[in-house]
Amino acid sequence: MKTAKLLIILLVVLMLCAAPAGAAVLTFTSDLLSNSAPGVESNHTIKFTATRDVPFSGKIVIQPEAGFFEIPDQLGLEDIDFLINGVNKKIALSAGVGVGSSMGLSIEYGNSGKFIFTLNDSEKIQVNDEITVKIGTQANFEGVGAHRLINPIGIGDYKIFIETISAPSVILDKANAMIFIISKVSVGASKEKEKEKPPVIVPPVSSAGGGGGGGVIPLIPAPPVAIRVTSPNVILKFEATNAETMAISENTDFKGSSWESYKPSKSFVLSSGLGLKKVYVKFRNWYGTETEVKTLYFFVVSQISEKPMTATSTVSAGAVDVLNPFSNIKITRVANAIYQKGDFFRFYYEYKNQKGKTDSFKIIRQFLNKNGKVVRAAFAQTTLKKNGVFSFNVKDIIDNNIKSGEYSIKIKILDKKNKLLDENGFVVAIKNPEEKKFVLSSTSTLAYSDIYFSGSFFDKNKMSAKLPFVFKFQYGFGNQGEQTKKIRLTRQLLDEYNNEYSIDKGKWTLASGAVNSLSVKQSLSSRLPTGNYNIRVSAYDAISGDLLAENILGLAIK
């Protein structure tokens, strides 16, 4: 019997956090998900055992990790069941009076929401009582649940925080269940139902419009982005479900090509000659249902080489390449591929609204370890007009407490319903701090500039020092104009990608032909990443703003 891919989407583990002083730790804490894939709706069955009594009118607070899970506005009382030792309790908007009356439930919605349960005035939770909270479509005590929580959009591990609180709002017990959000896992199973699904090409999850279940999913999006190669021998890569065979050709009629078994990686030889090449791919399922013809790749062969080239495009973000060269999130000015703990961390990104109308967006910036766990995150919200651009200069510091290793920095764009529209990022390595020193470049100045440098720093052999260091030098400027001018001067420390690490400003008034000079101290922090830098001195007309002169001192941090 033929086998197919069955999607397994459940993974939960237990993890307890330290309780605050005076609070006990809840035991046997867990959360069972119906779907652990990123960005999808999921039922939750949360269980824990109390280690202290929760008194009359006490509270139980359950909060999915803020900034990641979403409690949708539609979720209500009928979507939630509350059980004590397996016995369902009635729930209302406010706590009742007397034995057998309802518990109160307050829901705070959004991506920092929570559930606050309040006991009635005549019943309490006792030590060793097992509490079960069902959230989603499996809730069926007083109505059938229809809505569920929305998982985080990123793969990683996340927490569900649980607290029990006495009536005066004193925390009694506290713990959390650790949830793993994972990609769908494929295993062998019966294919009688799966094979009937038609293979339909859909965009990858990271692009606008999202992915779809049961379709053929190419790893490389469609044009207009062209992949520049230097060899006619390329390797095509795609990921698909429900596809039995595939056909590949540079002709839309697939003349000369034949159906072959589906494989996620395929060597292909482009037609002879330089220039633009288009590669078309179509897929067919077990019953022979075909996809429409899709152009999966544009290649530009710029020169001939015999070495095979993998069909992945590279777009520079500075010292590294971006993870998704087809993204509308443009990342630039990444200063380094390797950072030390404590280093300054700079880069720039922007996103253009291409929805054709004014709309609201959420921006998430994540710092993830090699296991996909989010170790740091930042959030922003903005409203952009048609073709409006959101841009941001990231000015951060690598945490000294972070572990050495490889990390991914990801930028994610979501719409107001938390649907992922676009994603991009890059990878850097973090290592332990080492001693740094600076040396002057052998080409430090622009000889033709009206700004000149002087001082002992020109003795290159002496100008090498450990960081941190205060670099002393002198510069001057002469007014070559025919009138007295007010001059605005700036001195900047910039890396080779134009990230700014310091700036100083001043003003001079100079008569025609007059020259003035200034002795300065340039601090060089030990937080500066290794690499090449410029100290750039610029002179502007203070009235018109015109640039009059500019000069640089080049240096390197090693």
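**View 1. Whole chain, contacts and composition.** Residues 24 or more positions apart account for 68% of the chain's contacts (heavy atoms within 4.5 Å) that have a separation of 6 or more. This is a predicted model, in which local features need pLDDT of at least 70, side-chain atom pairs count only at pLDDT 80 or more, and totals for chains, interfaces and linings use all residues. Numbering starts from 1 along each chain as its sequence is written, and side-chain values use heavy atoms, with hydrogens and water left out. The chain has 44 strands and zero helices, both taken as DSSP runs numbered from the N terminus (strands: E, at least two residues; helices: H or I, at least four). Of its 558 residues, 45% are buried, meaning under 20% relative accessible area with a 1.4 Å probe, protein chains only.

**View 2. The largest nonpolar core.** A nonpolar core is a set of buried Ala, Val, Leu, Ile, Met, Phe, Trp, Tyr and Cys residues joined through side-chain atoms within 4.5 Å. The largest has 55 residues, and Ile331, Phe347, Tyr349, Phe426, Phe438 and Tyr475 touch the most other members. Strand β30 (residues 344-352) gives the most to this core, five residues. A second, separate core holds 31 residues, including Phe48, Val133, Ile135 and Ile160.

**View 3. Surroundings of Tyr349.** Leaving out residues up to four places away in sequence, Tyr349 touches Ile329, Lys330, Ile331, Ile363, Arg365, Phe390, Ser391, Phe392, Val394 and Ile411.

**View 4. Ser408 in strand β34.** Ser408 lies in strand β34, residues 405-415. Ser408 counts as buried because its relative accessibility is 18%. Beyond residues up to four places away in sequence, Ser408 touches Gln366, Phe367, Leu368, Phe426 and Val427.

Methods. Buried < 20%, exposed > 50% of the residue type's maximum accessible area, 1.4 Å probe, protein only.
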